[in-house]
Amino acid sequence: MGNAAPPGYLGCLSALAGSSFASSREATDAVLRLLSDQLGMRSGFLTRITPQQNGNEVLAAYNAPGGCDVPAGALLPLSETYCSVISDSIDLAPVLIEATHTDPIFRIHPASMASPHIGSFIGVPVLLSDGSFYGTLCAVDPEPRTLTRHQSDLLVVLARLLATQIERDDQLAERRRVQEQLLLQVQLIEQVAAAVIVTDLEGRVTHWNQHAERLYGWSREEVLGGNIGQLTVGPAESEIATEIMERLRAGQSWEGEFLATRRDGSTFPAYVTDTLACDADGHPVGIVGVSVDITERERLLAGERTAREEAEEALRVRDEFLSIASHELRNPVSAAKGSAQLLLRSLRRGTPDPERMERGLGAIVTATDRLAVLIDDLLDVSRLRSGQFPMRKRPTDLAALVHEEAESGSASRGTHCLTIEGIAAPCIATVDPDRFRQVVVNLLDNAVKYSPGGGEVRVLLSCEPEGALLRVEDQGIGLPHGTEDRIFEPFGRAANATGSNLPGMGLGLYISRRIAEAHGGSLRAESVGEGRGTTMTLRLPLQVHHDEGGPPDGHRGESEGRLGG
Amino acid sequence: MGDTRRVLVIDDELGIRSVLAEALVEEGWEVQSARDGREALGVLRAWRPDAILLDLMMPVMDGWAFRKAQRGLPDGLSDVPLIVLSAAREVAAHGVALGAAVALSKPFDLDEVFEAVEQVLHR
């Protein structure tokens, strides 16, 4: 044999060059077959070698009939194969063994023992472009063969070809894997319930997720390439926007609340986190901004704040009420105790003076009477507040009740002239008689109490089918402007009342108004001014009739009653 | 005049004013009363007590406002010792805050009141 390559090789190579294969596998198989044919060796293999695991994996195999029949996928112990001769050698040179069993070096090689069916072997390393050792391209035959340099040259060329293919396949696989990961990440970003916006370092939008579309009102197509500053930053936040860019330029991230602007110009409070996105070498390539709409959160917080403020106010009001109530109760107790102690002292001294005793005991009675009233009022207020103010409503003759109270009233009305109108005919409405009486007594007592100079007290009861109206007028100290409502608050006595040192805790009107309201009605006070008297009007928009089954408008006359003098 | 010791009683409750006045007069003190801080200031224009029994919760001018006003009074009236007598909670704390000599809560014990007045007058 000369130095020229056998004529068939070129044909083989050009055949390969001209072919296109559906897959790498097909190409590899074609190469092996061609190889086997050209070399006259009945089996050809591409193997991958993993020296640490002593592994020699047959990746692809061609076995002609009569060949050594080693299938693709076989995993052999490297040390028991002739491939190890390649991998063991320092220069990774081709290995040619013409007769394995009679060769002086190789007949004692472990492979000779392990693979007695192999008579001849020719193999070259498959080297990747970075010089790393991948595996072998080899051909074997059961019979000894004559092996030439040209044959190993062909193998080397084919091995390079296969190496390129292997690398390309790996790259493709890697790219596919990366793409899949990217796809997964994109899907994740899309599904995240936050707006994820990615821009380049100048703020031009490169990514705008679904939530961003929803939140800001811009669709992805509209914003890609646009400047984030012009899209989501309103004039109010331009300062913060500048600060954010500065921090990012300094390599830091920014996090905080931001008033973001939507496409339609409306704003919403957002919580924003802006960070730099860097490449593998740590160079910033863009900015990732994640923003969430915190309107709900703000609303909840504001709601909580209001609720808390209201609760605190309610507590404060209650504390004030309790404080005043305790003061009001302790004073008469103190007066009674003081009187009792004084009398005891005079008894012990042996100087009981009947006049003093009379006075002192009288004071105790007055104080305890007052206490009783205060306690009742406080209990009423307490019940009103807790909603346990039971009303036992039944048809009641309001006229008779008013008449009763006006005529029989307490001694305190002795100095006043009482005029009553509108009580001649019955005025029947469904009310709680005890509570209604409570209101009438309260109004009459107040009229007398707050006109200490005497004068006339006019009482008018008006009875229409749509409702009843009770008006009580006095000519007393009146009400300063603006206090007409305050007097109905617990302890809300007008300044001029407390100034003239009139007794009373200031709960009566509060209770009376609540009773009126519990009947669906109202209680109002009017006064022309201080010193000009007061008019109290109780409205009860209830069905009223003049007697059971009687004519709707009975005779109504006027009746006057005079008390005392 | 001379030895007679004087006490000003300031309280919005008529029953308390009369009890205290009667008790103190019985023990030989001279007593004037007022129903609120403003009336009390009026009394102080013409009459100088040796001690003041002061209620805190009163209309028109309460005990705290009175104390503030008292500090600005001339002729040593600002130094007339106070005995706070109140239904308010934390009477003692208020007493300290007001610079009172003694603080008593309501309902009071007459003997306590006498003791307090004696104590204050013998400073």
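L470(A) stands opposite L538(A) in β18(A). The model is predicted, so local features need pLDDT of at least 70, side-chain atom pairs count only at pLDDT 80 or more, and totals for chains, interfaces and linings use all residues. Residues are numbered from 1 along each chain as its sequence is written, chains are lettered from A in the order in which they are written, and side-chain values use heavy atoms, without hydrogens or water.

Strands β16 (residues 467-474) and β18 (residues 534-540) of chain A run antiparallel, joined by 7 bridges. Strands here are DSSP runs of E, at least two residues, and helices are runs of H or I, at least four, numbered from the N terminus. Two strands pair if DSSP finds at least two bridges between them. An open sheet of 5 strands in chain A has the order β13-β15-β16-β18-β17, with mixed pairing. β13 (417-421) and β17 (522-526) of chain A stand at the edges, each with a single partner strand, so one side of each lacks a neighbour in the sheet.

Chain B contributes 24 residues to the contact and chain A 23; contact means heavy atoms within 4.5 Å. The two chains bury about 2100 Å² between them, 48% of it on carbon and sulfur atoms. Buried area is the accessible area (1.4 Å probe) lost on putting two parts together, summed over both. Across the interface of chain B and chain A, 8 salt bridges are found, each a side-chain nitrogen of Lys or Arg within 4 Å of a carboxyl oxygen of Asp or Glu. E26(B) forms one with R356(A), the closest N and O atoms being 2.2 Å apart.
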